[in-house]
Amino acid sequence: MNKLTDVSFCLLGVTGDDEFYFGGSVYAMDSSPLCSIGSHLDVYCPPSKRARISSSYASSFNIFEEEKTPSIEVLPDECLFEIFRRLSGGEARSAATCVSKRWLMVLSSVRNSEICKTKNESLNDVDMTSSNEDLELESDGYLTRCLEGKKATDVRLAAIAVGTASRGGLGKLSVRGSNSMCGITNLGLSAVARGCPSLRVLSLWNAPSIGDEGLFEIAKECHLLEKLDLCQCPSISNKGLIAIAQNSPNLSALTIESCQNIGNESLQAISRCCPNLQSITIRDCPLVGDQGVASLLSSAPSALKKVKLQALSITDFSLAVIGHYGKTLTSLILSGLQNVSEKGFWVMGTAHGLEKLVSLTISSCRGTTDASLEAIGKGCHNLKQMCLRKCCFVSDSGLAAFAKASGSLESLQLEECNRITELGIFSALSNCGSKLKSLALVKCMGIKDLVLETPLLSPCESLRSLSIRSCPGFGSASLAVVGKLCPHLHHVDLSGLCGITDAGLLPLVESCEAGLVKVNLSGCLNLTDKVVLAVARLHGGTLEVLNLDGCSKVTDASLFAIADYCFVLNDLDLSKCSITDSGVAALSRGEQLNLQILSFSGCSKVSNKSIPSLRKLGKTLVGLNLQHCNLISNNTVELLMEDLWRCDILS
């Protein structure tokens, strides 16, 4: 004990063994020790004995004691590391992370292989840190976590790594964006690498502070990595990706987007070291050129099936290599290749190397012309799906030649191909053979309604799905011709064709012999009840989905027909139609109607009077849209929600 304290006790004539006395007067005690100090001292004695030393002595004593109190915080990180790796169980390690940020970061530096596990330690410990992190379990059994925006920090990554270590670690990690003040850096990614050696999927989007050092740790620790997605990671270079390639033999999918420091060297390493690579996507990487793409395709593993190249500075040479060596490819997407000419696409088609290609998408490529498109059709014998988007040099003759050459084509999509007219469409339908099942036209401004008679064309009896969206020139005359060419349609989507009328659509409806299943007429402003009556009467036994959103000329008469004829209808959209309470009542009286999705959004004439009918319809509904129905009060909707508690109601 402090010598100064001993002196103060002796002056008062007491020892450390004396007891405290409560509630009595000081005069009941022996006061001689106090009197012996001197008769000239004024001493104040409270009713009970409260302290043995003065306040100045007490403060000196406390400071001295605090200086002597041992603390684990004085230990260096190396000692804490040895202590933490000997903690038994994931629960104890997770609890330790809650003490301080320093403890968390030291714990996150412990590799999973360095943890000293006891024989009785369970691999299914409850970890406190990850319990609030909304971890999800993938269908194949591993944990997954996605961090977005402000949640993406090193501290959070370290906590996840430590908390999941006892459960096998994360299997999938996605980072979307980064905290502007304290975003994810190499430190956080290194913590994941050390704590989650079983990581299989890593996705980094907009992570400017993560560089090669972080990927080095992933490559060193996570040898089970199967999928890597890097988007807007400017600090990652060839060195980091080469390390991944050399240490990830199971890598099967790679995406590189807007990474300005990744180039040809890393692609060469991928082609050499990743025999299981099945899919690769490269977009907007200025350092990637012909050398990288050529090495990737010429020495590609036999497992490579899907290639996607977008906004790259490659030339005809790369497409020639693809045409010669892409023997295992089944899916190919080429977009925004401004330096590729007609010759590149022509050679790709005539090289006859894309024998297994099933799906091809070409978007915004100037080299796609009539001649190159025909060459592709002749060279890709097994091509089943073709999508042309913003190919401004493809005309009717090229489309017809491609359709005639592609004997296996099942799906054709044309979007913003403005040199193609309705004659090219009709010719393609007539020449595509007996396998075409789906045709989609989107924003093709070159299509105009027919004025002259068309030549005699063979029908396309195999077509089952027809989608013509936002093509303002496609009118009633063109639609009537399509109806004659395609007698076995099941799905029809004419959304946004404000120019078609009942006279144009009725021939198509009447010619569909197999029975329509899905019909989308949203935005067709000129259609009336006459068309809906025909659809209900002729196809009510097969119709499952009917969308009349924005058809303002459709009235209650259509609902009477739907209630009488549509037995299997489960999805009905009547938004912004001229529907009243009478129509809703008629719909509810349909004895065999079994609706699951119903929308009256924007039906301003539907009021509170329809609530009994909606309650009756609600017995089978799982979704009901009553938004912008101004005559239905909020209180009424709340009562309806109580009755239809299984139904999701929008109001």
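Lys384 sits in the loop between helix H15 (370–379) and strand S11 (385–389). Helices (H or I, at least four residues) and strands (E, at least two) are DSSP runs, numbered from the N terminus. This is a predicted model: local features need pLDDT of at least 70, side-chain atom pairs count only at pLDDT 80 or more, and totals for chains, interfaces and linings use all residues. Residues are numbered from 1 along each chain as its sequence is written, and side-chain values use heavy atoms, leaving out hydrogens and water.

Lys384 counts as partly exposed because its relative accessibility is 35%. Buried means under 20% relative accessible area, exposed over 50%, and partly exposed in between (1.4 Å probe, protein chains only).

Ser364 lies between strand S10 (359–363) and H15. Its phi is near 55°. Ser364 is partly exposed, at 25% relative accessibility. The phi of Glu416 is about 55°, and its relative accessible area of 28% makes it partly exposed.

Now the whole chain. It has 24 helices and 21 strands. Of its 651 residues, 50% are buried. Among contacts (heavy atoms within 4.5 Å) between residues at least 6 apart in sequence, 82% join residues at least 24 apart.
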